[in-house]
Amino acid sequence: MYYSDDVIEEVRMKNDIVDVISGYVRLQRKGSSYFGLCPFHNEKSPSFSVSPSKQMYYCFGCGAGGNVFNFIMEYENFTFIEAVKYLADRAGVKLPEQEYSKEARAAADLKTILLEINKKAAAYYYYQLRQETGKKALEYLQKRELSEETIKAFGLGYTGNYSDGLYRYLKSKGYSDQILKEAGLFFFDERQGMKDKFWNRVMFPIMDVNNRVIGFGGRVMGDAQPKYMNSPETKIFDKSRNLYGLNIARRTRKNYLIICEGYMDVISMHQAGFTNAVASLGTALTSGHASLMRRYTKEVLLTYDSDEAGQKAALRGIPILRGAGLRPKVVNLAPYKDPDEFIKAEGMEAFEKRLENAMNYFLFEVQVLEKEYDFNDPESKTEFYRAIAEKLLEFSEELERNNYIESISKKYQILPEDLRRMVNNMALSGRRVTQPKAENMTDRRKARKKESGKEASQKLMLTWLTSYPKMFETISGYITPDDFTTPLYQEVAKLLFAQYEEEHAVNPAKLLNRFTDSEEQKEVTSLFHATLHLEGDEERKQAIRETVCRLKRDSIAYQTSNLAPTDMIGLQKLLEARKRLEEIESGKITLHISFD
């Protein structure tokens, strides 16, 4: 399903970007723009900018940016069409009714079709659980003490014993093999054709935060291996950016999330009333998971299994959660293995108390560290204190570090002054005070290739033109789109110049609709948000003159190096351009610069 440019522009114009983003991010006005903490990476100082005049957002920290459609797509994990529908409904815009034809289906957004396939697959599995062939699977769920209401709420199902049941069902709905291959629900064999990936398994539909089925987990009925199997990554399913149960947990009234290991733990906890439980999807906790949780809470309780493997998982997860700006705590489940076992044995009130008494993450790390040392050996005991002192260097704030020193001193019978002295000596000896690395993002400013002076001047000019449209009159006769020698910058310049010529105004948010690739959209957005640390009109005018000269100088050099030896007309034009540039640089030609 696609909509005309006019319809899309109407939806965009009726959704003021400041109003929309204010529903997700707390913004404060600073000058002509609004600033807040970026929702796409962890930061303490606001670098997330929203421009009412450009109708665009841009994060100077991580590079995220775009128009109102891009924000909704990124934040809500929507496809473009879903973002259009969401914003149209928000603004009261009635979209034209369109039906899928066979041709339109083939050309429609792949993500939308895959979501449709997964929804039908979930319904198929749910239906199979209620058939005679699903009796064994239903008995398994009932044996795990799941109620009918819980089974329905999580859409649990069964695959059946046939290796092509789902395939035949979806083929009957008109889906091609080419599309089904993208769904991650089938194996392809050249001799036997398409076969179901899941069979004879209890099925757990995996939903994103918007309650859309994006994948499945399956537990085998019997002794076959693997015991649990998940959908592979697809265009709609990224294990590192989704959490099982978050579609329900995001609506919880609790001010924290509980993270556990598996599907059954989440389901059992929800049934017991702990509807803020989530689990990673057959993979270790990632920075993507942590960043996702940070949208909904500031505190996370870890309820991993109480065995050694569970403790290691908690230790791996703590720095990832801290790096995302979350406060992790660890729940003691002993003597039981996991939350499901604990709740069945002790009840929900006892489990609630364990949650209330969850251990501070640092004290948990120290408790695990303690097992490596012999407290009956003075030397080993001293080494333990040194290890604690080294860990205390993680805290850059002296007050926070002193609070932990007090707690550790009480528990391990060491004078606070002695432990503090040990920490200070380590710091003076060259041990650096560190903070856990923010693993929820790659610093895109460092990851992006170093920007050349030539690219910087082109980027600055595009920012000037969108910030002060009167600049088009200033550079008229001096700068053209052909002077932008970086291919993407030149493409944007041509669109911008054409837009100003047709409308006598600039609309960068509308221009962005011409670009469909997400990374390209971010780069284009950055072209309109070059950093301008300038004070006063005179300083800005001087910067503009320098930018015009640098851009023209680079353009002349580029065109000279690519000029054919026989192109006398081209040579004459370059000589004239060089003469004009010299006159601007010497002051013989004055650029009439206006910021109105």
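The largest cavity has a volume of about 40 Å³. A cavity here is a set of points on a 1 Å grid over the protein atoms alone where a 1.4 Å probe fits but cannot get out, and its volume is the space filled by probe spheres set on the points, which are joined across faces, edges and corners. The model is predicted, with local features needing pLDDT of at least 70 and side-chain atom pairs counting only at pLDDT 80 or more, while totals for chains, interfaces and linings use all residues. Residues are numbered from 1 along each chain as its sequence is written, and side-chain values use heavy atoms, leaving out hydrogens and water.

The structure holds 1 cavity of 30 Å³ or more. The lining of the largest cavity (residues with an atom within 4 Å of a point) consists of Tyr478, Ile479, Val548, Lys552, Ala577, Arg580, Leu581 and Ile584. Helices α27 (537-561) and α28 (568-586) each supply at least two of the lining residues, and α28 gives the largest share, with 4 residues. Helices are DSSP runs of H or I with at least four residues, numbered from the N terminus. By class, the lining has 6 nonpolar, no polar and 2 charged residues; Ala, Val, Leu, Ile, Met, Phe, Trp, Tyr, Cys and Pro count as nonpolar, Asp, Glu, Lys and Arg as charged, and the others, Gly among them, as polar.

Attention now turns to helix packing. Helix α3 (residues 68-76) packs against helix α4 (residues 80-91) at an angle of about 110 degrees, with the axes 9 Å apart. Axes are lines fitted to C-alpha atoms over the stretch in contact, and angles run from 0 to 180 degrees between N-to-C directions. The two helices are therefore roughly perpendicular, a term for angles of 65 to 115 degrees. Contact, meaning heavy atoms within 4.5 Å, involves Val68, Phe69, Ile72 and Met73 of α3 together with Phe80, Ala83, Val84, Tyr86 and Leu87 of α4. This contact has 9 nonpolar, no polar and no charged residues.

In a second pair, helix α18 (residues 378-392) and helix α19 (residues 398-412) pack at about 160 degrees, their axes lying 11 Å apart. That angle makes α18 roughly antiparallel to α19, the term used for angles over 145 degrees. From α18, Phe384, Tyr385, Ile388 and Leu392 meet Arg401, Tyr404, Ile405, Ile408 and Tyr412 of α19. The residues of this contact comprise 8 nonpolar, no polar and 1 charged.

Methods. Angles under 35 degrees count as roughly parallel, over 145 as roughly antiparallel, 65 to 115 as roughly perpendicular and the rest as oblique. On a 1 Å grid over the protein atoms alone, a cavity is a set of points where a 1.4 Å probe fits but cannot get out, and a pocket is an open set with protein on both sides within 12 Å along at least five of seven lines; lining residues have an atom within 4 Å of a point.
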